[in-house]
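Here is a short note for a colleague who is opening this model for the first time. Please read the points with the structure in view.

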Amino acid sequence: MIASSCRLRFLNFCLISFVLVLMSLSVHAAEHGTANEAKALVQKAIDAMKKNGVDTIVAEINKRDGQYQDRDLYVVVYDMKGKNIAHLNPKMVGKDMIDLTDVDGKFFIRDRLELVKAKGKGWQDYKFVNPSTKQIEPKSMYIEKYEGVIVGCGIYK
């Protein structure tokens, strides 16, 4: 009887532990944006640019906690020469980024320009500081060209 009671308590403990692990995994997953959400945020920005103009939406994107940021997702905008014109980090705005490399030496802005010139849109892989964790992490950015600018949103892997 005592052994059966101990076994039941142990099974309950295991079940509760398993449920808590699953809950923490789902909360962790909810903190990160998905590839589909990144593409949707880019499309939202481009649709707004079509309706309200590029400059108006660039100003909106540059607002902290604006409608073009969601968890670790945020829209960025570059001109076709590699100058950043919209970013979550205000220190990046207005900077010529053409020679920027990631930690592996990849010229990711140059690659971004080549990709949109060749295909108009697509995914690009590189490494960048995640504003949520403050760590350098692998990132994939979805980018589209629209009226002389590159609009992008990346996901951290």
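**Notes on the predicted model**

1. **The largest nonpolar core.** This core has 22 residues, and Met49, Ile61, Tyr68, Val75, Val77 and Val151 touch the most other members. The model is predicted, so please read every value below as computed from a prediction. The elements that give two or more residues to the core are α2 (35-52), α3, β2, β5 and β6 (149-156). Helix α2 gives the largest share, seven residues.

2. **Val151 as a way in.** Start at Val151 if you want to trace this core. Val151 is one of the residues that touch the most other members. Setting aside neighbours within four places in sequence, its contacts include Val42, Ala45, Ile46 and Met49. Val151 is also in contact with Val75, Val76 and Val77. Tyr142, Ile143 and Glu144 complete the list of its contacts.

3. **A second core.** There is a second, separate core of 18 residues. Among its members are Tyr74, Ile109, Val116 and Met141. Two of these names return in the next point: Tyr74 and Met141 also line the largest cavity.

4. **The cavity.** How many cavities of 30 Å³ or more are there? The count comes to one. The largest cavity holds about 30 Å³ of space. Its lining consists of Tyr74, Val76, Tyr78, His87, Phe108, Arg112, Tyr126, Phe128, Lys139 and Met141. The elements that give two or more residues to this lining are β2, α4 (108-119), β4 and β5. Strand β2 gives the largest share, three residues. By class, the lining has seven nonpolar residues, one polar and two charged.

5. The structure holds four aromatic pairs. In one of them, the rings of Phe108 and Tyr126 have centres 4.5 Å apart and planes at 15°, so this pair is stacked. The pair links distant parts of the chain, with Phe108 in helix α4 and Tyr126 in strand β4, 18 residues apart. The rings of Tyr126 and Phe128 have centres 6.1 Å apart and planes at 65°, so that pair is edge-to-face.

6. **The largest pocket.** This pocket has a volume of about 300 Å³. It is lined by 18 residues, and the closest to its centre are His87, Asn89, Met92, Phe128 and Val129. Which element gives the largest share of the pocket lining? Strand β4 (residues 121-129) does, with three residues. The lining has 11 nonpolar, three polar and four charged residues.

7. **Two positive phi values.** Please check the backbone at two places. Most residues other than glycine have a negative phi. Arg71 has phi near 55°, a positive value in a residue other than glycine. Arg71 lies in the loop between β1 (69-70) and β2 (73-79). Lys134 is the other case to look at, with a positive phi near 65°. Lys134 is found in the loop between β4 and β5 (136-146).

8. Arg71 is partly exposed, with a relative accessible area of 37%. Lys134 has 60% relative accessibility and counts as exposed, because the cut-off is over 50%.

9. **Asp65.** One more loop residue is worth a look. Asp65 sits in the loop between α3 (54-61) and β1. Asp65 counts as exposed, at 71% relative accessibility. Where does Leu88 lie relative to Asp65? The two are 23 residues apart in sequence and 8.6 Å apart in space, C-alpha to C-alpha.

Notes. Residues numbered from 1 in each chain as written. Predicted model: local features only at pLDDT ≥ 70, side-chain atom pairs only at ≥ 80, totals over all residues. Heavy atoms only, no water. 1 Å grid on protein atoms, 1.4 Å probe; cavity = no way out; pocket = protein on both sides within 12 Å on 5 of 7 lines; lining within 4 Å. Points joined across faces, edges and corners; volume = space filled by probe spheres on them. Helix = DSSP H or I, 4+ residues; strand = E, 2+ residues; numbered from the N terminus. Nonpolar A, V, L, I, M, F, W, Y, C, P; charged D, E, K, R; others polar. Buried < 20%, exposed > 50% of the residue type's maximum accessible area, 1.4 Å probe, protein only. Core = buried A, V, L, I, M, F, W, Y, C linked by side-chain atoms within 4.5 Å. Contact = heavy atoms within 4.5 Å. Phe/Tyr/Trp six-rings, centres within 6.5 Å; stacked < 30°, edge-to-face > 60°.
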